[in-house]
Amino acid sequence: MKQNKLDQRFFLVREDVLSEAMKKTLEAKELLERGKAESVFDAVQKVDLSRSAFYKYRDTIFPFHTVVKERLITLFFYIEDRSGTLSKLLNVVASGGCNVLTIHQTIPLQGRANVTLSLNTAEMEISIDALLERLRMLEFVEKVEVLSSGA
């Protein structure tokens, strides 16, 4: 069954219930962050994990301490190219209390464009889940993904 884009939620779980691939993904990410691995290929070899498993989990699992302390988030959007869409998107972000740090929009092709926003969430008035839900409800937004969260 395909997950409705409005149904995406986040959970806090204990390490002992994570799959081995999830645990190794966290290890590989840490090696990359600390500079102990030069590439994804190097990191996954060191922790004995396939690259496909790493890419499957890398944007979906984070150590608790990083989620608690992080104030920055990067969102990726796939939107329809219509007049005023970027303005409406930014209004929703601002109404949630986020400060836009960077904006990157590709040239629209075949009526669609990619937009990447880096946001400071320190003054956010709603949860990340609530913000994502609001953004997904915009009629011109076809896809929203959290690319990263980090300082």
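Visitor: In what order do the elements of the chain run from the N terminus on?

Guide: This is a predicted model, in which local features need pLDDT of at least 70, side-chain atom pairs count only at pLDDT 80 or more, and totals for chains, interfaces and linings use all residues. Residues are numbered from 1 along each chain as its sequence is written, and side-chain values use heavy atoms, with hydrogens and water left out. Helices (H or I, at least four residues) and strands (E, at least two) are DSSP runs, numbered from the N terminus, and the chain has 6 helices and 4 strands. Their order from the N terminus is α-α-α-α-β-α-β-β-α-β.

Visitor: What percentage of the residues in the chain is buried?

Guide: Buried means under 20% relative accessible area, exposed means over 50%, and partly exposed lies in between (1.4 Å probe, protein chains only). The chain has 151 residues, and the buried share of them is 32%.

Visitor: Which residues touch the most other members of the largest nonpolar core?

Guide: A nonpolar core is a set of buried Ala, Val, Leu, Ile, Met, Phe, Trp, Tyr and Cys residues joined through side-chain atoms within 4.5 Å. In soluble globular proteins, nonpolar side chains tend to be buried together. The largest core here has 21 residues, and the members touching the most others are Leu 75, Phe 77, Leu 89, Leu 119, Leu 135 and Val 141.

Visitor: Which residues does Leu 135 touch, not counting residues up to four places away in sequence?

Guide: Contact means heavy atoms within 4.5 Å. With residues up to four places away in sequence left out, Leu 135 touches Leu 75, Phe 77, Leu 89, Val 92, Val 93, Val 141 and Val 144.

Visitor: How are α1 and α2 oriented to each other?

Guide: Two packed helices are described by the angle between their axes and the distance between the axes. Axes are lines fitted to C-alpha atoms, for helices over the stretch in contact, and angles run from 0 to 180 degrees between N-to-C directions. The axes of α1 (residues 20-33) and α2 (residues 40-47) come within 9 Å and cross at roughly 130°. Angles under 35 degrees count as roughly parallel, over 145 as roughly antiparallel, 65 to 115 as roughly perpendicular and the rest as oblique, so α1 and α2 are oblique.

Visitor: Which residues of α1 and α2 meet?

Guide: The α1 side consists of Lys 24, Glu 27, Ala 28, Leu 31 and Leu 32. Their partners in α2 are Val 40, Ala 43, Lys 46 and Val 47.

Visitor: Is Lys 24 buried or exposed?

Guide: Lys 24 lies in helix α1. Leaving aside neighbours within four places in sequence, Lys 24 is in contact with Val 47, Asp 48 and Leu 49. Because the relative accessible area of Lys 24 is 17%, this residue is buried.

Visitor: What is the phi of Asp 48?

Guide: Most residues other than glycine have a negative phi. Asp 48 is in the loop between α2 and α3 (51-57) and is exposed, with a relative accessible area of 60%. Although Asp 48 is not a glycine, its phi is positive, at about 60°.

Visitor: How are α5 and α6 oriented to each other?

Guide: The axes of α5 and α6 come within 10 Å and cross at roughly 160°. That angle therefore makes α5 and α6 roughly antiparallel.

Visitor: How far apart in space are Arg 71 and Thr 121, C-alpha to C-alpha?

Guide: Arg 71 is in the loop between α4 (64-69) and β1, and is partly exposed, with a relative accessible area of 45%. Not counting residues up to four places away in sequence, Arg 71 touches Leu 119, Asn 120, Thr 121 and Ala 122. Arg 71 and Thr 121 are 50 residues apart in sequence, and their C-alpha separation is 5.0 Å.
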